[in-house]
Amino acid sequence: LFNMDFNVKRLAADAGTFLSRAVQFTEEKFGQAERTELDAHLENLLVRAESTKVWTERIMKQTEVLLQPNPTDVRLEEFVYEKLEKKAPTRMNNHELLGQALMDSGSECGPGTAYGNALMKCGEAEKLIGGAEREFMQGAAINFLTPLRNFLEGDFKTILKERKLLQVRRLDLDAAKTRLKKARLAEARAAAEQELRVTQSEFDRQAEITRLLLEGISSTHAHHLRCLNDLVEAQSSYYAQCYQYMVDLQKQLGSFPSSFTNNNQASVSGGAGASAPTIAVSSSLSELRGSGASRRARVLYDYDAASSSELSLLADEVITVSSVPGMDSDWLMGERGNQKGKVPITYLELLN
């Protein structure tokens, strides 16, 4: 019975305190009660903390978009595998998928052909880039995203909790001030003064705790600055890797000279934007077709004959070519000693 009576009294006291805070808050809103203002330094710290929270959320959101374009799909997949008590398989990124497609195509085309070999090399490079991207994303998630998330889910939640408690302590303090003003009897005034001293002490203590937490935001900024430097360094390393992979790939594809690219551009643009060497080649072809004479030509890169009517070519060799009436305009008749067969024009550089 004693415990029950004690609990009832405590419940009544808690209800009375809650009602007192609600009344104080309402009267403040309507301008019927004074409000204890926080000192300017504490107010500035609160504003800075809230701003830090807002921009941290913004940065984290956009970083997640950069590192994980489809986070919902990934999390759903991880959730399913977690329920099945299995580890989710490593998901191939877009570079790796492209690399695999290129390598599969190169294998089907024939690794021994110029085009098939190029497809294989490009596929290998794309896979290397995909691996570098994976390492960058994992590192950025650990060294940049995680600290931001820890701040929002840890330190800032603690700040919010203490800030809310500070609001409660302020309401209690102002309610005690109001009761002291309304007290008329000496006994009532003595009790109100004692309550005011207690609530003032509790408010001051909570204000100090909140201030110390808020001043810790400076350390948070310093930590996040180091994390930002880590992100920049990781990105720099990642892009340098990708650049080196592309430079190496260009060296491997060095048998594809610029004149081949120019020929392609000329055929696509109808010759409108062709460079001077391409115009000269086109002019030479016209002369060759018109006269029916033979010309010497340098082979730009390897070509594997697709049929017995074609002639296989080796890069940098010189052969004799001529135009045959009725032949496709993209081809010429090539001769190397006793060997003879069709050769693609885009693989040749006509010599004077």
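Analyst: A patch is built from residues with over 30% relative accessible area and no salt bridge, like charges being joined within 9 Å and nonpolar side chains (Val, Leu, Ile, Met, Phe, Trp, Tyr) within 5 Å. This is a predicted model, in which local features need pLDDT of at least 70 and side-chain atom pairs count only at pLDDT 80 or more, while totals for chains, interfaces and linings use all residues. Residues are numbered from 1 along each chain as its sequence is written, and side-chain values use heavy atoms, with hydrogens and water left out.

The part to look at is a nonpolar patch on the surface, formed by Leu225, Leu228 and Val232, which together have about 260 Å² of accessible area (Shrake-Rupley method, 1.4 Å probe, with only the protein chains shown counting as cover for residues).

Along the sequence they follow the pattern α-α-α-α-α-α-α-α-α-β-β-β-β-β. Of the 352 residues, 31% are buried, and the accessible surface of the protein comes to about 22,300 Å², with 55% of it belonging to carbon and sulfur atoms.

Charged side chains give another view, for the structure holds twelve salt bridges (a side-chain nitrogen of Lys or Arg within 4 Å of a carboxyl oxygen of Asp or Glu). One of them joins Lys53 to Glu57, with 3.6 Å between the closest N and O atoms. These two residues sit four apart in helix α2 (residues 40-67), which means that about one helical turn separates them; Lys53 is partly exposed at 22%, and Glu57 is partly exposed at 35%. In helix α6, Arg189 and Glu193 are likewise four residues apart, about one turn of the helix, and their salt bridge has its closest N and O atoms 4.0 Å apart.

A further salt bridge is the one between Glu195 and Arg179, at 2.3 Å from N to O. Glu195 lies in helix α6 (residues 186-215) and Arg179 in helix α5 (residues 114-182), so this pair ties together parts that are 16 residues apart in sequence. Both partners are partly exposed, Glu195 at 27% and Arg179 at 34%. Elsewhere, Arg170, Asp174 and Lys177 are linked in a network of salt bridges.

The five strands, finally, form an open sheet in the order β4-β3-β2-β1-β5, with antiparallel pairing (two strands pair if DSSP finds at least two bridges between them). β4 (339-344) and β5 (348-350) stand at the edges with a single partner strand each, so one side of each is left without a neighbour in the sheet. Strands of a sheet pair through backbone hydrogen bonds, either parallel or antiparallel. Here, β1 (residues 294-299) pairs with β5 in the antiparallel sense over three bridges, and the bridge partner of Ala297 in β5 is Leu350.

Note on methods:
Buried means under 20% relative accessible area, exposed over 50%, partly exposed in between (1.4 Å probe, protein chains only).
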